Amino acid sequence: MPLDENLSKKIEEVCLDLRVDSAQQDAEITEDLGGVELPKVSSGLKERRKLERRNKDKIIDVIGVGLCLLNKELKITWANKTFYDWLNLKDSPLGKYCHDVYHCDEIGTDSCPAASVFNGKAGGIIETWIESGSMKKMCVQHVAIPIHNRDGNINSVLILTIDSTESEKTVHKLLLLQKLGEAMQGTLHLDKLLHLILTCVTSGYAFGFNRAMLFLVNKKHNVLNGKLAVGPSSLEEANQTWKELSSKHSSLKDIFKELDFSHNIDTPFNTMAKLMVYSLSDTREVVIFCAKEKKPIIIKDAVNDPRVTQEFRKALGVNEFVCVPLIAKNETIGVIVADNIYTGEPISDDRVSILTMFVNQAALAIENAETYKRLEDKINQLTEAQRRLISSERLAAIGSMSSYVAHEIRNPLVTIGGFAKALSRFTFTDSKIEANINIIIEEVKRLEKILNNITDFGKPSKPEKVDTQVCEIMVNTCILMENYFQEKNINVRKEFEADVPDISGDPTQIKQVFLNMLMNAVEAMPDGGDLDIKIRRAMTSIEIDIVDNGKSIPKEVLQNIFDPFFTTKPNGTGVGLSISLKIIEDHGGNIDVKSISGEGTTMTMTLPVISRKGVCSNDDYPSR
Amino acid sequence: MTTILLVEDDKNQRLLYEQELKHDGYDVVTASDGKEALEKVQKQLPDIVIMDINMPKMDGIEAMGRILSKNKAIPVIINTAYTNYKDSFMSWVADAYVVKSSELSELKGKIKEVLANKAKDS
């Protein structure tokens, strides 16, 4: 460690002084040898002693430690110059009690180091704050050292007063760092945390930078994104803020308490920061360079520093700033940029090294908060899914419950109302009977109306006809059946004409038809085969061929295949083709079948391009 | 004389429909479940079947399937308290679907309509 400049200067002076003194001494001694007069010699000895004492005093001064001797009454018998300076003494302290001079409260207690030493115990160290001659607050430690006389008794105590301001400052900083760290680790809300971090960087109580800006790495887009900036936008604002702060005497605790997240949000500085985005591959930018190098970078002269682009310097508007990377688990997650734009105070290495320690903790806290946020999002998604599930299950339960109750009530209602109606056909001599029957009929009607409302609750919405592209539906149906085709060893060949027009139809129903038809075709080829699907445009309709080369349909069966419940398959229901035909007819179309023995079967569906309105509505129950 | 096979498990309702349809001049044969309906179809050869769905032993849909697979010329009208079977593909093969109501005019109307269609086809 280099010696303090002041100290080394002082040592030099003292050394020079000592050399001059010894030169004088040598000259005197030579003189002494020349003469024989004893008194002169004794006066020479006195002189030498005086000189030696002066030299000792000088050396003692250089040590930079306050010294004083106390007698058994704890009165000061001697003190050095440093002692005078530090305690800012105008009058001589000699003969005064030490606690009066030190303004010390330890007198008479066990912790008084001087008293302990006189009693033969080890002297403890006490620490106090004093205001020195140069009006500087100093932290000092007092150490008592016993001084023994020839008989081995302690007749006086030397008090060493040591300046511990610097080490005290370091301890204070470390404590602060710890407190900030604790506060950060306790904050899981990401926005709050970022704000807290930058507030610490800018608060006078902590790091005292004028402004600070935080960037976070966005891995998805491979960029470094400006997230938040804290600090006054102009000198006037800065003065105003500092004035307020100094009048408030904010402590760290107060800062946390009063941390207002809306504050500073709309500042031009913050807005500018949020618009800053740099690609992570662009290492010409100092922030990116810092993120890649994972080391803090102090820029002293931005104008002449090749690491700073002109744009970045202009955006910041300052010539001296520091970039510190946020590193969590050996990976850079962001960068903090801080400057002293208003005070112009130089950024020292010391400040940066302690800032770096802080920023490392901040990075871990951000990492935690981000993980927490991801977890929170996942939990929210889960909760939402669960909520929907419960809601739909509850709806289903209500639906089935209400439908059960409704049907159980509907049956007896039909009987009651029906018989009442039957009764009303008779003529009664008493008009009251007729009136009463009518009341029964009306009330039953009212109940039935309520039941209709309930049972409609769980009903699916009616199919709607929309512009439908048949080719698209066919492709989707084939995708649906892909595995089935493979399993059955079916080779599918699609042959769709270009520009097949849309038809008006219900895509779900048409898909159902295609599914039935393809299924039938595959079942006709138990040992595999070729399946051709052709879609083409006819005059005012489109035609869809489904051609298999499997076993053909016998003539006597062919005329029945569209009849409901007619089936030749052992597990068939016999409704597939009849429903298909019904759907196609509902769409104003037709199905035609040709089957040639030994060649296979061709099913041709015809669907009109412009459906005839009114022909096909699901509301009307069609006749068979 | 037109013969109607009425399949209905509820005793009182069966009585109601029988009375009403007889009043309208139909010949009415009744069955109280799907199995009985199959037997009556074979014996009586009705002109039309009115079929309830929820019944013990054999439900109306199954009974309808069996009747139609043997004799597809017999028209079937589904008459049920349930509206949801209306959307089922299975019930689409019936000639008509009527939701039970104390107002019997809808059922009566459908019977006439279906019988008229049958007469036209044959």
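The report below takes up confidence, then the sheets, then the helix pairs.

This is a predicted model, in which local features need pLDDT of at least 70 and side-chain atom pairs count only at pLDDT 80 or more, while totals for chains, interfaces and linings use all residues. Residues are numbered from 1 along each chain as its sequence is written, and chains are lettered from A and ligands numbered from 1 in the order in which they are written. The predictor assigns the complex an ipTM of 0.79 and a pTM of 0.43.

Helices (H or I, at least four residues) and strands (E, at least two) are DSSP runs, numbered from the N terminus, and two strands pair if DSSP finds at least two bridges between them. In chain A, an open sheet of six antiparallel strands has the order β8-β7-β6-β11-β10-β9. Its edges are β8 (277-279) and β9 (297-299) of chain A, each of which has a single partner strand, so one side of each is left without a neighbour in the sheet. From one strand to the next the twist averages 20°, where angles run from 0 to 180 degrees between N-to-C directions and axes are lines fitted to C-alpha atoms, for helices over the stretch in contact. Helix α10 (residues 268-275) of chain A packs on this sheet, touching β6 (211-218) and β7 (223-230) of chain A, and its direction makes about 170° with that of β7(A).

A further open sheet of chain A has five strands in the order β13-β15-β16-β18-β17, with mixed pairing. Here β13 (490-496) and β17 (590-596) of chain A stand at the edges with a single partner strand each, so one side of each has no neighbour in the sheet. Direction ignored, neighbouring strands of this sheet are turned by 15° against each other on average. Helix α16 (residues 507-523) of chain A lies across β13, β15, β16 and β18 (600-608) of chain A and runs at about 25° to β16(A).

| Strands (chain A) | Bridges |
|---|---|
| β1 (residues 66-71) and β2 (residues 76-79) | three bridges |
| β10 (residues 321-328) and β11 (residues 331-339) | eight bridges |
| β15 (residues 529-537) and β16 (residues 541-548) | seven bridges |

Within these pairs, A:L70 stands opposite A:I76 in β2(A), A:P325 has A:V335 in β11(A) as its bridge partner, and A:K534 stands opposite A:D545 in β16(A). β1(A) and β2(A) form a hairpin with four residues between them, and in the turn A:L74 has a positive phi of about 65°.

Two packed helices are described by the angle between their axes and the distance between the axes. The axes of α6 (residues 165-185) and α7 (residues 190-202) of chain A come within 10 Å and cross at roughly 165°; α6(A) and α7(A) are therefore roughly antiparallel, a class for angles over 145 degrees. Their contact (C-beta atoms, placed from the backbone, within 7 Å) involves A:L180, A:A183 and A:M184 of α6(A) and A:L193, A:L196, A:I197 and A:C200 of α7(A).

The axes of α15 (residues 470-487) of chain A and α16(A) come within 9 Å and cross at roughly 45°, and the two helices are therefore oblique to each other. Among the residues that meet are A:I473 and A:Y484 in α15(A) and A:F514 and A:L518 in α16(A).

How values were computed
Parallel < 35°, antiparallel > 145°, perpendicular 65-115°, else oblique. Contact = placed C-beta atoms within 7 Å.
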